[in-house]
Amino acid sequence: LITCLDYPPPSAARDQAPAAASGTVSTQQVLDTVKTEQKEASGNSFREALRTANSEADVSFMFRGMSRLLNNPSQASATYFVGSIKEIGCTQELLIVLWKLIDENKDFLAYILRACDVNEIVVPVVLAMFEARKDPSKIGLIHISTFVMLLLSGERNFCVNLNAAFIRRSVKDLPQFTGNNADLIYIVYHKLITEGPPQLESLYDCFLTTMSNISPYIKTFSLPAASRAASLFELFANRNRLLRNDNMPRYLVFLLEIFNNAIQYQYEGNPHLTYQVLRRKKVFAQLTEIVDDPTAAIAALPAAPDGSGGKGFKPTVEWVKGWADQLPMQPCLRLLQHLLPQLEEFCTEGQVNDEGVVVDFLKTTTMVGLLPVPHPILIRKYQQNEYTSLWFTTYVWGVVYLRTSQPPLFDGSHIKLFTISYVDA
C-alpha cells in the first residue's frame, strides 16, 4: 500500500516512457517526474483520499490507530508475560504513512495539534530513532522520523505539548531521567550526533533546527538534557573542529539560539541550563578569541593529519569574519558577565561544591533588566522541495526491497534507484 502513496499518475508515466525505454533516466528527469506527479496528484485516488480526509471521525480514527501501532513495539517488549502482546514489524511503513498525513493533509495536522495528545506518536517515533541508530538497514527510518519531527517542531502547539512529563520506558542504553518529552528529544539527538553512524551527518542541521524550534516553549529542561545541549556546544566550538569544517558555525548558531531562548524566555524554570552555560565560560572565552582575532586563531591551528582536516577544507580570515558577526552570543556573554561573579562569590563564601546547592542558588537569581531586549522567536519551518520527494521515492522502494528479500522478489544487481550494500551478519 505504501507504494500507492508514491504512484505517478498515468500521464506522468507516459511522459517518462521514452527515457526509460532508452535506459538513460537522469536525476533531472526523475525530478521532472516528481513535479508532474505533484501537479497531477488527483490521478492517484489513494493519495488523494489520504490528503482530503478531513472529517473529525476519520482524522481521530487515523490518529488513534497510528498511536496504537507505533506504541506496539515498546508495549510488546515491556509486558510481563512473554508473547502476550504480538509485536508488529511494520514501523517503517507506519512512519511513511504518518509522514504523508502530516505533510499533505493539513486538516489532520491541525486536528492532532488541537485535540490530541501528540506525544502519543512523538515518543515512539523518537525512541524508534534511538533504537535504529546501530542498524545500517534502518538509516532511512531515522531520516523520515527526523523529517516528521522537523515538520512538527514548526508548530507552536506541538512545542508547548512537549512540556508534558515523559513516562519512563524500558529502552536499552537510554539514560534514566525525570523530565518532559523535550528532554527525551535532546537526549536522543545528542546520542545520534555523538554516537550515530557517519551517514547521519547530513541530518545534523535538522536535529539542531528541531532542538532550536522547541526551545522557547519549554518551561524546564532537566539536568541530563541541559548538559547534553551544552556538551554539543562545546563539541562544535572546539577550535580544531570549528575552523576545519564549514558546517560548524551554523551548528553553533542553533545551539546559541537554544541558550538564548531559555535565558530570555524561560529563565526562571531553567537553572540547569543556566548552570551549564556558566560552566562553559572557558569555551565562550575561546570562541570570543576566535571572533576577535581570526588571523591568530587560524595560525595556531595544528597541522591536519593526512586525509583529514574537514575533507580538505581550509579556513580563511574572510570566511571566519563572515560568520563571526552572525553568532548570537550577546545574551550568554551578558549572563556570564553579571551572574558568574555572584556564583563564584556564593561558592567561595559558603565553600559550596554541591551542584544541587548551586542550582538552588540560581533559582533565586534574576536577569531582569540585565539582558538585551528579547529577540523575536525564530521558528524555521520545514519546506517541501523536489529533492525531498525524490528521497521519499527512494526510501519507499528501499523498504519494499528489504521486505521482499526472503525470498528475493527483485534482482539487486539491476536496481538503479538506490545502492545496495551487504553487511556481514
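Me: Why is glutamate 344 called partly exposed?
Reply: In this predicted model, glutamate 344 has a relative accessible area of 38%.

Me: What makes the pair of lysine 281 and glutamate 344 a salt bridge?
Reply: The N to O distance between their side chains is 3.2 Å. The rule asks for a Lys or Arg side-chain nitrogen within 4 Å of a carboxyl oxygen of Asp or Glu, so the pair qualifies. Lysine 281 lies in helix H17 and glutamate 344 in helix H21 (residues 330–350), so the bridge ties together parts 63 residues apart in sequence. Lysine 281 is partly exposed, at 36% relative accessible area.

Me: What joins Arg47, Glu48, Arg51, Lys100 and Glu104 into one network?
Reply: Salt bridges that share partners link these residues. The count for the model comes to 15 salt bridges.

Me: How do you know that H17 has its buried residues on one face?
Reply: The buried residues in H17 are Val283, Phe284, Leu287 and Ile290. Viewed down the helix axis, the buried residues of H17 fall within an arc of 120°, so they line one face. The face turned away from that buried side carries exposed residues Lys282, Glu289 and Asp292.

Me: What span does H17 reach, and what is expected?
Reply: H17 (residues 281–292) has 12 residues and reaches 16 Å from its first C-alpha to its last. That is close to the 16 Å expected at 1.5 Å a residue.

Me: Why does the pair of arginine 250 and aspartate 205 count as a salt bridge?
Reply: Their side chains meet at 2.9 Å, N to O. The cut-off is within 4 Å, so the pair counts. Arginine 250 lies in helix H15 (residues 248–265) and aspartate 205 in helix H12 (residues 204–214), so parts 45 residues apart in sequence are tied together. Both residues are partly exposed, arginine 250 at 34% relative accessibility and aspartate 205 at 23%.

Me: Why is lysine 134 called exposed, and aspartate 173 partly exposed?
Reply: Lysine 134 has a relative accessible area of 62%, and exposed means over 50%, so lysine 134 is exposed. Aspartate 173 stands at 40% relative accessibility, a value between the cut-offs of 20% and 50%, so aspartate 173 is partly exposed. The two side chains meet in a salt bridge of 3.6 Å, N to O.

Key
Residues numbered from 1 in each chain as written. Predicted model: local features only at pLDDT ≥ 70, side-chain atom pairs only at ≥ 80, totals over all residues. Heavy atoms only, no water. Helix = DSSP H or I, 4+ residues; strand = E, 2+ residues; numbered from the N terminus. Expected span 1.5 Å × (residues − 1). Buried < 20%, exposed > 50% of the residue type's maximum accessible area, 1.4 Å probe, protein only. Arc of directions from axis to C-beta.
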